[in-house]
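User: I would like to go through this structure with you, one topic at a time. Could we start once it is on the screen?

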Amino acid sequence: MRIVFFANTEWYLYNFRRSLALAVRDAGHEVIMISPPGPYAPKLEALGLRWIAAPMERRSLNPLRELKFISWLRNLLIVEQVDLIHGFTIKCAVYGAIAARFAGNRACVSAVTGLGYVFIGHDLRARMLRPIVQNIIRFAMRGKNVRLILQNIDDLAVFKQAKMIDPLYIRLIRSSGVDCSRFSQCAIRAQNEPLRILLAARLLWDKGIGEYVEAARILKKQGRTVHFLLAGSPDTGNPNAVSELSVKAWVNEGLIQWLGHIDDMPALFATIHAFILPSAYREGVPKSLIEAAACGLVLVTTDAPGCREVVTHEVDGLLIPIKNADALAAAIARIDDDLDLAVRLGEAAKTKALLEFDEKIVIQKTMAVYEELL
């Protein structure tokens, strides 16, 4: 069988789906990776995976350009004699489904890993786009040759309520999976050692960057010594992006240490004591939370879709309300004061990551979906 993996960045394919691609290849299938060009494409090719550059603009809303791209994708499926296309994130999932329909109703798996800006945005642009996207999804994801993979029960409820796809064709696979063996135990915090915490995410306001910084300001005024680390790069072009100017101002204020983009996350996790994700973003299941859990780090995140799939409050982490810097500061102060609590929550998080989110489990469930269609 010939299977296409289609995403809007080669970075996503490499960091989130390479293990699945290699497992599919090792099972005897041919895999083609498709994305716009970027620096991670050679890394995919170095693994022996075939990669094709897609003439796609991630942020484009030009109807003619988008139709032209869907036509390109349809022709590629026909010429390459593709049996199944697996699209990741909403835009690629929908375009892949449309192209598959017009290429002779080929098998299609659409993975929506979080609903994102269109579904959670409150500005005029998001409100205008939402019904359009919903209708396009209804058109694209019709027929018995389509399967939709969602990562959390909240997204499942949204799709069912809006009747965007027959519920018979929805499959719930919690997360994209993590190779837990890459992550060693986190650093054991010594008594009287300053707490080192990390937020690693794209620099978007909806990821809780503002609340993280405000919590740092609150705890600094209380006289606490807590090191706030921030890893990530500005998401240029995203209407929700935090500017580099803002980040540098916080650094100059002495509130955070900005690390920029980090490739070696296991090494970074090994130097910190807690992982913070105060997200208001409509996450699928955040990979960063699972990676941190695999290290045995204590987790503090919001009681939001996707995040609460990983953390159960006071069992394997702490949950706080969305967009609440005071609650975030209080949670950080709590783990700063109670080492035993932090250790207990971290150990429970690690156990959960191994049992529920290891990539072997996700790969097995995903390949089962392929078998339904092929």
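**A helix and its surroundings**

Analyst: This is a predicted model. In α11, the buried residues are K287, S288, L289, I290, E291, A292, A293 and A294.

User: What does that say about helix α11 (residues 287-294) as a whole?

Analyst: Eight of the eight residues of helix α11 are buried, so the helix is largely enclosed by the rest of the structure.

User: And which residue with a positive phi follows α11?

Analyst: That is G296, which comes after α11 and has a phi near 80°.

User: Let us turn to the sheet. In what order do the seven strands run?

Analyst: The order is β3-β2-β1-β4-β5-β6-β7, in an open sheet with parallel pairing. β3 (50-53) and β7 (170-172) stand at the edges with a single partner strand each, so one side of each has no neighbour in the sheet. On average, neighbouring strands of this sheet are turned by 20° against each other, direction ignored.

User: How many bridges join β1 and β2?

Analyst: Five bridges link strand β1 (residues 2-6) to strand β2 (residues 30-35), in the parallel sense. F5 has M33 as its bridge partner in β2, and F6 has I34.

User: Is β2 mostly covered or mostly open?

Analyst: Mostly covered: five of the six residues of β2 are buried.

User: Which strands does helix α7 lie across?

Analyst: Helix α7 (residues 153-162) lies across β5 (107-112), β6 (146-150) and β7. The helix runs at about 135° to β6.

User: Now F69. Where is it found?

Analyst: F69 belongs to helix α3, which spans residues 63-79.

User: Buried or exposed?

Analyst: F69 counts as buried because its relative accessibility is 4%, and the cut-off for buried is under 20%.

User: What does F69 touch, leaving out residues up to four places away in sequence?

Analyst: F69 touches F6, A54, P55, M56 and Y95 on that basis. F6 is also the residue whose bridge partner in β2 is I34.

User: How far is F69 from G104?

Analyst: Their C-alpha atoms are 17 Å apart in space, and the two residues are 35 residues apart in sequence.

User: Another residue, then: T302. In which strand is its place?

Analyst: T302 is in strand β12, residues 298-302. With a relative accessible area of 1%, T302 is buried.

User: Which backbone oxygen lies 2.4 Å from a polar atom of the T302 side chain?

Analyst: The backbone oxygen of S279 does. S279 is also among the residues that T302 touches when those up to four places away in sequence are not counted.

User: Finally, the whole chain. How many helices and strands does it have?

Analyst: The chain has 15 helices and 13 strands. Its radius of gyration is 21 Å, close to the 21 Å that the globule rule gives for 374 residues, so the chain is as compact as a globular protein of that length. Along the principal axes, the C-alpha atoms fill a box of roughly 65 × 45 × 40 Å.

User: What share of the residues is buried?

Analyst: Buried residues account for 56% of the 374 in the chain. The accessible surface comes to about 16000 Å², and 54% of that belongs to carbon and sulfur atoms.

User: And what share of the contacts joins residues at least 24 apart in sequence?

Analyst: The share is 70%, taken among contacts between residues at least 6 apart in sequence.

Conventions
Residues are numbered from 1 along each chain as its sequence is written. Side-chain values use heavy atoms; hydrogens and water are left out. Two strands pair if DSSP finds at least two bridges between them. Helices (H or I, at least four residues) and strands (E, at least two) are DSSP runs, numbered from the N terminus. Axes are lines fitted to C-alpha atoms, for helices over the stretch in contact, and angles run from 0 to 180 degrees between N-to-C directions. Contact means heavy atoms within 4.5 Å. Buried means under 20% relative accessible area, exposed over 50%, partly exposed in between (1.4 Å probe, protein chains only). The radius of gyration is taken over C-alpha atoms; the globule rule is 2.2 Å times the number of residues to the power 0.38. Accessible areas come from the Shrake-Rupley method with a 1.4 Å probe; for residues, only the protein chains shown count as cover. A polar contact is a pair of N or O atoms within 3.5 Å; within protein, one must be able to donate a hydrogen and the other to accept it, and residues adjacent in sequence count only if both atoms are side-chain atoms.
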